[in-house]
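Hi there,

Here is the structure I promised to pass on, with the sequence alongside. Have a look through it first, and then read on for what turned up.

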Amino acid sequence: MHFAFLAIGFATPLKYHIVLHALLMANIIISNMWNHYEYYTIMLALAIPLYIGVVIMLWILESSYADQYLIKKQLEISSVSDELTGVNNRYIINEIIDPATDKFSLQKDIVVLMFDIDFFKKVNDTYGHEAGDEILKYVSTKIKSHLSKDDYIIRWGGEEFIVILVNHTTDSALELAEKLRSDVENSNNGICPITISMGLCCYDKNDTYQQCVDKADKALYYAKNHGRNQIINYKDI
């Protein structure tokens, strides 16, 4: 019986084994009041060390597995996360495109926004690079707060970010983009006033994701060269 519980114990979580094995020993102790086992002392001598040993072994195993799981999850997160801002880095793209076609694998309407912080170099030159880092973190957090769980914000490089809006029309994306632009302009980041320029492109399923990103980039370039602090739809240029 003890060896059966030993086998079962290693196949069950620690919290269940503690209860089940304790019930077995309680059964031995209680039933001995009536049956008066001839080898009662030996039974307890076997049961108690076995119980303690299995509990210790299960605790060690579960702790080890938990550590490995946490390390694995941390590696998975860090592989697609930007270290400074905590948003996605550009490697997240590999999880949402079909590598055979380079098209978005998301079976919904997609709009890509590309934006960067206007005159960011002047922020770094005037207030220092640490302040610039704080601005990057602030803006990425501010933008992320407006997005749904299905959307993506990606730090594309430097002060340049991409937002992938999932299940959006061009009109709804333009409306959201204006909220993002206005919120950044009117909020207090604690360092200096800033604005963002944005380029927008509605994804054509005949294009690759890179072609869509390039179009959003061209729209952003147009926005920055025609006054900044605005949103430009690629189809309007």
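A search of the whole structure, which is a predicted model, turns up ten salt bridges. One of them brings the side chains of Asp116 and Lys224 together, at 2.8 Å from N to O. Asp116 belongs to strand 4 and Lys224 to helix 7 (residues 209–224), so this pair ties together parts of the chain that lie 108 residues apart in sequence.

Is Asp116 buried or exposed? With a relative accessible area of 7%, Asp116 is buried, since the cut-off for buried is under 20%. Apart from neighbours within four places in sequence, Asp116 has contacts that include Glu159, Glu160, Ile196 and Leu220, as well as Lys224.

Lys224 also forms a salt bridge with Asp118, where the closest N and O atoms are 3.5 Å apart. This second pair again links distant parts of the chain: Lys224 sits in helix 7 and Asp118 in the loop between strand 4 and helix 4, 106 residues apart. Lys224 and Asp118 are both buried. Put together, Asp116, Asp118 and Lys224 make up a network of salt bridges.

Another salt bridge, between the side chains of Lys215 and Asp207, has an N to O distance of 2.7 Å. Here Lys215 is partly exposed, at 23% relative accessible area, while Asp207 is buried at 12%.

Six strands make an open sheet of mixed pairing, in the order 1-5-6-4-7-8. Strand 1 (88–89) and strand 8 (231–233) are at the edges with a single partner strand each, so one side of each has no neighbour in the sheet. Strand 7 (residues 196–202) runs parallel to strand 8 and is joined to it by three bridges; Met198 stands opposite Ile231 in strand 8. Helix 6 (residues 170–186) packs on the sheet and touches strands 4, 6, 7 and 8, with its direction at about 170° to that of strand 7.

Last, helix 4 (residues 120–127). Which of its residues are buried? They are Phe120, Val123 and Asn124. Viewed down the axis of helix 4, these buried residues fall within an arc of 95°, so they line one face of the helix. The face turned away from that buried side carries the exposed residues Lys121, Lys122, Asp125 and Thr126. Strand 4 (110–117) and helix 5 (129–144) are among the elements covering the buried residues of helix 4. Just after the helix, Gly128 adopts a positive phi of about 100°.

Best wishes

Conventions:
Residues numbered from 1 in each chain as written. Predicted model: local features only at pLDDT ≥ 70, side-chain atom pairs only at ≥ 80, totals over all residues. Heavy atoms only, no water. Buried < 20%, exposed > 50% of the residue type's maximum accessible area, 1.4 Å probe, protein only. Helix = DSSP H or I, 4+ residues; strand = E, 2+ residues; numbered from the N terminus. Arc of directions from axis to C-beta. Contact = heavy atoms within 4.5 Å. Pairing = 2+ DSSP bridges. Axes fitted to C-alpha atoms, helices over the stretch in contact; angles between N-to-C directions. Salt bridge = Lys/Arg side-chain N within 4 Å of Asp/Glu carboxyl O.
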